[in-house]
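Here's a two-chain walk-through to read with the model open. Take it one section at a time and click along.

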Amino acid sequence: MILTLQTPRPLSRLPRFLPFSTNASITLNQSQPATSTSPSPPHSQILSTRHSLLSRQFSAADLLRSHLHRLNLIEPHLRSFLHLPDPADLLAQADSLDRRIAAGEDVGPLAGVLVAVKDNLCTSDMPSTGGSRILEGYRPPFDATAVKRAKELGAIVVGKTNLDEFGMGSTTEGSAYQVTANPWDLSRVPGGSSGGSAAAVSARQCVVSLGSDTGGSVRQPASFCGVVGLKPTYGRVSRFGLMAYASSLDTVGCFGSSVADAGILLHAIAGHDRFDATSSNQDVPNFLSHFVSASSFESKPLKGLRVGLIRETIGDGVDSGVISAIHSAASHFEELGCSVNEVSLPSFSLGLPAYYILASSESSSNLSRYDGIRYGNQVYADELDSLYGSSRTNGFGAEVKMRILMGTYALSAGYYDAYYKRAQQVRTIIRNSFKEALSQNDILISPAAPSAAYKIGEKKNDPLAMYAGDIMTVNVNLAGLPALVLPCGCVEGGTAGLPIGLQMIGAAFGEEELLRVGHIFEQTLENCSFVPPIVAEDIAS
Amino acid sequence: MASTIFRSFQVHSFMLYPTSLVTRRNGVFRFTTKASQSQTETQQRQQTKVSQSTQSKKLDKIPKDYEAVIGIETHVQLSTLTKAFCGCPYNYGSHPNSTICPICMGLPGALPVLNSKVIEFAVKLGLALNCNLALNSKFDRKQYFYPDLPKGYQISQFDVPIATSGFLDVDIPMEFGGGHKRFGITRVHMEEDAGKLLHTEGENYSQVDLNRAGVPLLEIVSEPDMRTGIEAAEYAAEIQRLVRYLGVSNGNMQEGSLRCDVNVSIRPIGQSKFGTKVEIKNLNSFSSVSRAIDYEIARQVQLHREGQEDQIVQETRLWEEGAQKTITMRKKEGLADYRYFPEPDLPAVILSQEYVDGIQSSLPELPEIKRRRYENMGLSMQDVLFLANDKNVADFFDATIAKGVDAKLVANWIMSDIAAFMKNEKLTINEIKLTPVELSELIASIKGGVISGKIGKEILFELLSKGGTVKGIIEEKDLVQIVDPSEIEKIVDKVIADNPKQLEQYRGGKTKLQGYFAGQVMKLSKGKANPGLLNKILLEKLNSQS
């Protein structure tokens, strides 16, 4: 049986947002202005947190304690974090915020918001390993720009999340340290490479999280974990402080349990950064104004919107449950007033090989700096070449080594034209075909992945099968476009079904439109809530 | 480097300095090195002149039946305030690892952002070398592993350099045969410098100093147009002159701000195919460029003569200054594969024609143009080369002649007494107290007869060491020349009266005593008597029989 747009379990009655707490002073009834009753503020943990803090319903310290409680309760099952800071440090931050609120000071739009950060984003107060043994214990001297901006706006970083080593993988099994489980079914992968960040939001270990998306590393785990994942336009968010995997494809992305949360986080971190020459000077529009209550929507709130369903993404090799979910999503769009048409991107299938050549090529170069000389793990040797060889052999995992080898090969004299250059030409074709499709459609939709989350270990020894799973997402990186993934349905699996993500692709720097449409889609998706059983069970207990 | 251990090091505390030019002190490494190891050596200011007495001898050694083919790759370190891709300053001789940041250290997550001055300097040099500028160029990564290369790749330019197909005009000094030569420029491209390895005698490890990592360079590749060591050295000297004129580099070879690697091959005269080329490194002065090449030519010719041309292999040789010879550094095993690809962290370098035109119109008068202008003034080639060698000297000269005094006279003063003074006192022309205005005043005063040439020299040294004005010194010391014939006559009369014996001898036919009398008159007048008048009156008096 396929469950699409159906409530898998009676989870919709459960709170969609904070607090999940054992703290008696914060009862569910008090702190929930709207859930099952007709909503007034939209479904957004950030907005309701802010409302509660500013109206003194509860303090930032209470909020933090209840979250840390949840985080620690669930963490042994999920293992989504590589590093958790001393709770006392976090409490000090929360206390400081409470004092400022009490004093009536202005607090930033992310005040008290608990953010988890993927471990390939540099943080000066916590280790940053990129999930790699070669950077074990490495502590950067600076914060990544995205982290810095979130902190400046009041966010509290609750920890560093697990990932496939340097972002290379689609399951988070490629981490040198641990395997993260999917909150919906602990025997399944959370997706990757930002699996830790996706799982942490899904399991409500944090409010929102930062990830990175080079070929789908935010969107695919968002789909697998039933959360919202936002991959911005290339250049929208500074890459400074993001450990480079493939520089021309890397983007810093956001996870949230709602479109509004992901959008608010993006707004905080987006914009030009003089430390990243590829960051854009384009103004960041104020998309926050679109995050309004569903009750204020018109009857056909998306009237006139042209939605293109990418034909190549709903064919062979895609699970039927996924296809049904996407068709249901298309129907929902039509109900909202959109016109939905199938659109063909003939170059779509070329994206995967082009992506793996370009990403591997760039990564073979970007990872050269991990040589054991200046930082990270070094294997002592008498000869320079042995020092390099042993440090890198010891420090990198199998997947990383494979991609370095592939990339080195593709860039070698005599092969450059056949591989790298050709892949760049394919990239241009793909970019143009998206441009063409987006001139006839306002947004394009597709699944975020060809299947729901699969079992841990299922594809570990079959890299080609794993790479094939990236077919839905890599083209978007090659074209540099923004994309929003949000849960739109479920298929059977686990104890409560497994979420399916809908990918919405917009024009370059069209995040505002994506978020507007995504928010309306989400808020009007009735009888459907994406809270994984591990959270529901915890609340029940 | 048989047994080298590179010890890892860690950064303890760091801040990112976006704009600051302060020396950072908190980049602490587990390794440090003795500060004395790389203290700044006194800057050699006058190194442009290629002067080696041995060179003319070497020239003769070049055999007539072989021809050498020489090309030069020159790396020019740009004197931008900050490095190419980060906000760190670079000062030669700073304490190791004192001017580094996450970006030039290649820390994870750090990204390069191009210093726009690098482009400006590249465009300046490209235009000055008469190149075609690429309005649309890009950066590439050149990949190799070495501990002085923090990122594992050098940001450089590969297939689309910023400037191509230019030329450089050089005047060969008279002592080396003279003549005007034009050497082709293949390309000029932008790149970043690497750090430095420091080896301590007797220790089994090396240390890495990253102060230099990320310093902007321009690499200038010449066509293989040079035929002798002298030509190559003059080419290099002209490059140095050019970068100093343009203000893009201090061009200091000892500090490594200007580095020349030369490629040398030989072939029998008449053969069009190039011989196997050998690269020579470690050339720290123009004379070593010249001598190393001449040595290498002789070595290769010798091998040819002995029928052992197969012993000439493509390799990198090191010039040993002590032994005055080249030795094998490394043999090249095939072509190194640097796996160049476009640098994805930096946008393409797009220049507008207006930008280029703006820089073109702001270029100073370049050495070649200056030399032709001086030549047209009637100056000798020796004068021309001396004056145009140093932009500051040329500016001084130009400012002086702008006051309307004779160019040849100005050149003479600068090249003789002023140059000698600068040399003795180890001063540059900008450091002496004499100003162009006063030099022109001085020359005009002599020419106008206000003072004698002899007095002029005295005033000159006063001006050079203490400053002041010509008028002031003349007044203060009462040095105005005596031009009144009656006054000179009085002195002449006195001298003749005081020297009856010499007068007798003179009149007896020993006429060369005239000089003696003139000297006495000059002495009595404290050097102020007008020499022409003096001699005229003296002769009249001596020869009058009354």
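## An aspartate in chain B

Let's start with a side-chain pair: B:D169 and B:R182 make a polar contact of 2.7 Å through their side chains. (A polar contact is a pair of N or O atoms within 3.5 Å; within protein, one must be able to donate a hydrogen and the other to accept it, and residues adjacent in sequence count only if both atoms are side-chain atoms.) This is a predicted model, in which local features need pLDDT of at least 70 and side-chain atom pairs count only at pLDDT 80 or more, while totals for chains, interfaces and linings use all residues. Residues are numbered from 1 along each chain as its sequence is written, chains are lettered from A and ligands numbered from 1 in the order in which they are written, and side-chain values use heavy atoms, with hydrogens and water left out.

B:D169 sits in strand 7 (residues 163-171) of chain B. Helices (H or I, at least four residues) and strands (E, at least two) are DSSP runs, numbered from the N terminus. With a relative accessible area of 9%, B:D169 is buried; buried means under 20% relative accessible area, exposed over 50%, and partly exposed in between (1.4 Å probe, protein chains only). Setting aside neighbours within four places in sequence, B:D169 is in contact with B:H180, B:K181, B:R182, B:E238, B:E368 and B:R371, where contact means heavy atoms within 4.5 Å.

## Salt bridges

Two of those contacts, B:E368 and B:R371, also meet each other in a salt bridge (2.8 Å, N to O). The term stands for a side-chain nitrogen of Lys or Arg within 4 Å of a carboxyl oxygen of Asp or Glu. Both B:E368 and B:R371 are buried. They are three residues apart in helix 6 (residues 367-376) of chain B, so about one helical turn separates them. A network of salt bridges links B:D171, B:E238, B:R241, B:E368, B:R371, B:R372 and B:E375.

Over all chains, the structure holds 58 salt bridges. One of them pairs A:R65 with A:D62, the closest N and O atoms being 3.5 Å apart. A:R65 is partly exposed at 42% relative accessibility, whereas A:D62 is buried at 17%.

## Strands in chain B

Strand 9 (residues 196-199) and strand 10 (residues 205-209) of chain B form a hairpin with five residues between them. In the turn, B:G202 has a positive phi of about 80°. B:L198 stands opposite B:Q207. Four of the five residues of strand 10 of chain B are buried.

There is also an open sheet of three strands in chain B, with the order 6-5-16 and antiparallel pairing. Its edge strands, strand 6 (153-156) and strand 16, each pair on one side only.

## Over to chain A

Where does A:D213 sit, and is A:D213 buried or exposed? A:D213 is found in strand 4 (residues 208-213) of chain A and is buried, at 0% relative accessibility. Its side chain makes a polar contact of 2.8 Å with the side chain of A:R219. A polar atom of the A:D213 side chain also lies 3.2 Å from the backbone nitrogen of A:V218.

Five of the five residues of strand 9 (residues 443-447) of chain A are buried, so the rest of the structure largely encloses this strand. Strand 7 (residues 306-310) of chain A runs parallel to strand 9 and is joined to it by three bridges, with A:G308 partnered by A:L444. Strand 11 (residues 498-505) of chain A runs antiparallel to strand 9, with four bridges; here A:I445 is the bridge partner of A:M504.

## Where the chains meet

The contact takes 45 residues from chain B and 46 residues from chain A. Together the chains bury about 3800 Å², of which carbon and sulfur atoms give 59%. (Buried area is the accessible area, 1.4 Å probe, that two parts lose on being put together, summed over both.) B:P108, B:L111 and B:F145 supply 17% of the area that chain B buries against chain A, more than any other three residues.

One salt bridge is counted between the two chains: the side chains of A:R239 and B:D345 meet at 3.0 Å, N to O. The rule also finds 15 residue pairs in polar contact across this interface.

Key:
Two strands pair if DSSP finds at least two bridges between them.
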